[in-house]
Amino acid sequence: MVFGLEGGAGFATVADMTASEQLFARAQARIPGGVNSPVRAFRAVGRAPFYTASAEGCRLHTEEGTELVDYVLAWGPAIFGHNDPDIRTAVQNAAAAGLGFGTTHAAEVRMAEMLCENVPSVEKVRMTNSGTEATMSAIRLARGHTGRKKIIKFAGCFHGHVDALLVKAGSGALTFGHPDSAGVNPGAAADTLVLPYNDTAALDAAFAADAAAAGQAAPDIAAVILEPYPGNVGLLFPEAGFLAHLRERCTRNGTLLIFDEVMTGFRLSPQGTMGLHTVRPDLVCLGKIIGGGLPVGAFGGRADIMDKLAPLGPVYQSGTFCGHPVTLAAGLAALEKLRRKNPYPALERAGKRIATAVREAAQRKGVALQVHQCGSMFTLFFNANPVRNLADVLGSDGALFGSVFRYALDHGVFLPPSPFESAFISAAHDDAAITQTEEVLAAAIAAL
Ligand SMILES: *Cc1c(COP(=O)(O)O)cnc(C)c1O
């Protein structure tokens, strides 16, 4: 065994290993699992990870010099593709003015105005350093505002690695078969009620049961948090009336409704999912695209709720790097470019092309496949039945996905390395890249 590489017994010497294999061997000795975020280990798809040397447009370049058309896109942020020249210039200019101030600065004001102008229901907003910090802070704020303890989340919705929200979560937590993390105290999750997504009856029952248990007319539920279009178990869709029902029940019970649009914000439209439906939340969590590729999160909503935050109110939230000038320069450049270029119609066309090619290939092959696609997000569920919640997702054939993933990777197309993630398309995916993808995915399915 060289460097303790997993499955590395076949390597006689380091010289027989590719650059990626050597790096992964060293990484496993010094980084748990060799990775700084679990899904990057590729464990769900039966491959060792490749190491990226550089990224440009819709393509990644590995340490071996292999070029890959990328549908992971840094897990969502790179809506203009990698290393967009406008964003890079904005970062360089911001860096020239200083690598962080620790004081207020103009870009914070512009970013707050930009988010309030674009995202419906956001009247005031705070920046954080990650989506996890955004959901954590939104939950605390909802509890502080309502004076209530409990929250409702939906199975399969992922809101970052917040203790109280790592219950039946999606994304990496699901890929690894541990929807519940060790190290989360029962108390931290005891006030989290988990319901099936798209199930209005379960929601009504939960509100009623909670009120009855407390012996009061209203339940003790501070907030309902959800991804309106879940994207961390693969892409799911809200059924007709589900979001409206949720809004009505929250309003009636004095419970705040929190939309986690960290993934979908500025991805599905400038309004996130709210460009696709008319339901409006009390609080919204953002991240990913609004940082232009740098680490970011934000939460915002009704001014009367947001004003409960310190220094105005009793709910504490802070951060050394929150509103970092270089991050905000990148984020503002991305948001201004989205406004200027409106890539959404072209992204939808590209998404439709891939979805159609894959559906037709599955039909020819006679393999049961549900393709979920909305704008620049898509997921392949190898499943004979409709996929509307986590239980349905888990009934999909992960082995078939693994085969398609490996075939695609060997032919220059990098899909998310898990059957439980949404793929993303960028504005930099040109006709040649989409055509190559259609052909490779169709061939991958034909080869099943
Ligand atoms: C990515 C994501 C998060 C977590 O954001 P981080 O920046 O990784 O902490 C939270 N919610 C949703 C919906 C996400 O997609």
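The chain is divided into domain 1 (28-83 + 343-446) and domain 2 (85-340), with bounds from an automatic or database domain assignment. The model is predicted, so that local features require pLDDT of at least 70 and side-chain atom pairs pLDDT 80 or more, whereas totals for chains, interfaces and linings use all residues. Residues are numbered from 1 along each chain as its sequence is written, and side-chain values use heavy atoms, with hydrogens and water left out.

The centres of the two domains, taken over C-alpha atoms, lie 25 Å apart. Domain 1 and domain 2 each contribute 34 residues to the contact (heavy atoms within 4.5 Å). About 3000 Å² is buried between them, 67% of this from carbon and sulfur atoms; buried area is the accessible area (1.4 Å probe) lost by two parts on being put together, summed over both.

One salt bridge is found across the interface (a side-chain nitrogen of Lys or Arg within 4 Å of a carboxyl oxygen of Asp or Glu). A salt bridge with an N to O distance of 2.6 Å joins the side chains of glutamate 239 and arginine 388. On the side of domain 1 that touches domain 2, at least two residues each come from β11 (370-374), β12 (377-381) and α12 (390-394). The residues of this side comprise 21 nonpolar, 9 polar and 4 charged; Ala, Val, Leu, Ile, Met, Phe, Trp, Tyr, Cys and Pro count as nonpolar, Asp, Glu, Lys and Arg as charged, and the others, Gly among them, as polar.

Overall, the chain has 14 helices and 14 strands, assigned as DSSP runs numbered from the N terminus (helices H or I, at least four residues; strands E, at least two).
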